[in-house]
Amino acid sequence: MDLTALAPDYVRAIAPYQPGKPIGELAREMGLAEASIVKLASNENPLGLPPKARAALEAAVADLARYPDGNGFALKDRIAERFAVGHDTIVLGNGSNDILELVARTFLQAGDSAVYSEYAFAVYPLAIQSVGGQRIEVKAREYGHDLDAMLAAIRPDTKLVFVANPNNPTGTLLKPGALLEFLEQVPERVLVVLDEAYTEYLPSEVASDSIGWLTRFPNLIVSRTFSKAYGLAGLRVGFALAHREVAGLVNRLRQPFNVNSLAQAAAAAALDDMDFLARSVALNRQGMAQLTGAFQRLGLPYIPSWGNFVTFHVADAKALNAHLLRNGVIVRPLAPYNMPNSLRVSIGLPEENARFIEVLEAALG
Ligand SMILES: *Cc1c(COP(=O)(O)O)cnc(C)c1O
């Protein structure tokens, strides 16, 4: 018998998430030395671990035989202090992916709908579909969220709207005024998940005061991650801030030990490593100029980005990607996002960016 038939149709219809190719996998496939491979495919921090997080990890190893603190008290304390919020407004996640899924599981049931944008982060449709929710995908405007169309797409059965700001994989940004106007118009009965995975990279003049907005909009959920600017992608830790009743409910669905003790210790320390964060942001600005300068020189169109990555367009992305892989450079093909002739490259160290540019140029020339 077909055992998969035991699963609901909406589960069987899920398209698997396609992560960036791991370095070890490419090394095996191409017979390359791992050290020769440049991975610019998953928007990781090229500086590696923050030094303060490394020290905290080393100290936390001593307690690994014990379960983690299921309430994440020390980490929540640091988050509460940094963002001036109460402990009871915080939900910790095993990466912010966990947060996105938890919110879907908490609020959606089969038949409810959720709104998100075309070209938005691939985890939104996955999270919605995994609980049998109906996906309402709204056409993008110039690769970014069309907030008016998203508002208009809200139906009586809509419970959630996902907004990525900046968006991944397109790097587009919604300015604070536009976002605020949107929040003012979303019905109170609809929750808005504002996914700010790249917010640390934004210059202050374009950053939204999203956490400040939480007191005004009880239906707002702000999601953040330690995977990008904080350099802890491998540890899996993110968090959400929301109205205490919303946070309390999501916390009931959370596995009691969803964030492991190493992740909690490292994240708390990373929040205090302001020097590392500043270096990461500066390096990103410099790398962005290096990559976009090369795209301009090579006549390749790209989408101006506010994140730690850039999406660019080529005549044949599949062939170019294959060429890059053969030469040990991993970027992210965007065919799964319905952008078959676009590739997304993460900003790396200056020498990694240079290697990517060199291989790219050889491929085009
Ligand atoms: C990378 C990313 C995340 C973070 O994922 P984690 O699970 O925290 O590693 C969330 N949202 C967007 C839009 C992202 O690009």
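User: At what angle do helix α3 and helix α11 pack, and how far apart are their axes?

Analyst: This is a predicted model, and every value here is computed from it. Helix α3 covers residues 51–60 and helix α11 covers residues 261–272. The two helices pack with their axes 8 Å apart, at an angle of about 150°. Because angles over 145 degrees count as roughly antiparallel, the orientation of α3 relative to α11 is roughly antiparallel.

User: By class, which residues make up the contact of α3 with α11?

Analyst: On the α3 side the contact is made by Lys52, Ala53, Ala56, Leu57 and Ala60, and on the α11 side by Leu262, Ala265, Ala266, Ala269, Ala270 and Asp272. Sorted by class, these are nine nonpolar, no polar and two charged residues.

User: Is α13 roughly antiparallel or oblique to α14?

Analyst: Helix α13 (residues 317–326) and helix α14 (residues 350–364) have axes 10 Å apart and pack at an angle of about 130°. Roughly antiparallel requires an angle over 145 degrees, so α13 is described, relative to α14, as oblique.

User: Is Thr89 buried or exposed?

Analyst: Thr89 sits in the loop between α4 (73–83) and β2 (90–93), where a polar atom of its side chain lies 2.7 Å from the backbone oxygen of Gly86. Leaving aside residues up to four places away in sequence, Thr89 touches Ala240, Leu241, Ala242, Arg244 and Ala247. Its relative accessible area is 10%, and because the cut-off for this class is under 20%, Thr89 is buried.

Technical notes:
Residues are numbered from 1 along each chain as its sequence is written. This is a predicted model: local features need pLDDT of at least 70, side-chain atom pairs count only at pLDDT 80 or more; totals for chains, interfaces and linings use all residues. Side-chain values use heavy atoms; hydrogens and water are left out. Helices (H or I, at least four residues) and strands (E, at least two) are DSSP runs, numbered from the N terminus. Buried means under 20% relative accessible area, exposed over 50%, partly exposed in between (1.4 Å probe, protein chains only). A polar contact is a pair of N or O atoms within 3.5 Å; within protein, one must be able to donate a hydrogen and the other to accept it, and residues adjacent in sequence count only if both atoms are side-chain atoms. Contact means heavy atoms within 4.5 Å. Axes are lines fitted to C-alpha atoms, for helices over the stretch in contact, and angles run from 0 to 180 degrees between N-to-C directions. Angles under 35 degrees count as roughly parallel, over 145 as roughly antiparallel, 65 to 115 as roughly perpendicular and the rest as oblique. Ala, Val, Leu, Ile, Met, Phe, Trp, Tyr, Cys and Pro count as nonpolar, Asp, Glu, Lys and Arg as charged, and the others, Gly among them, as polar.
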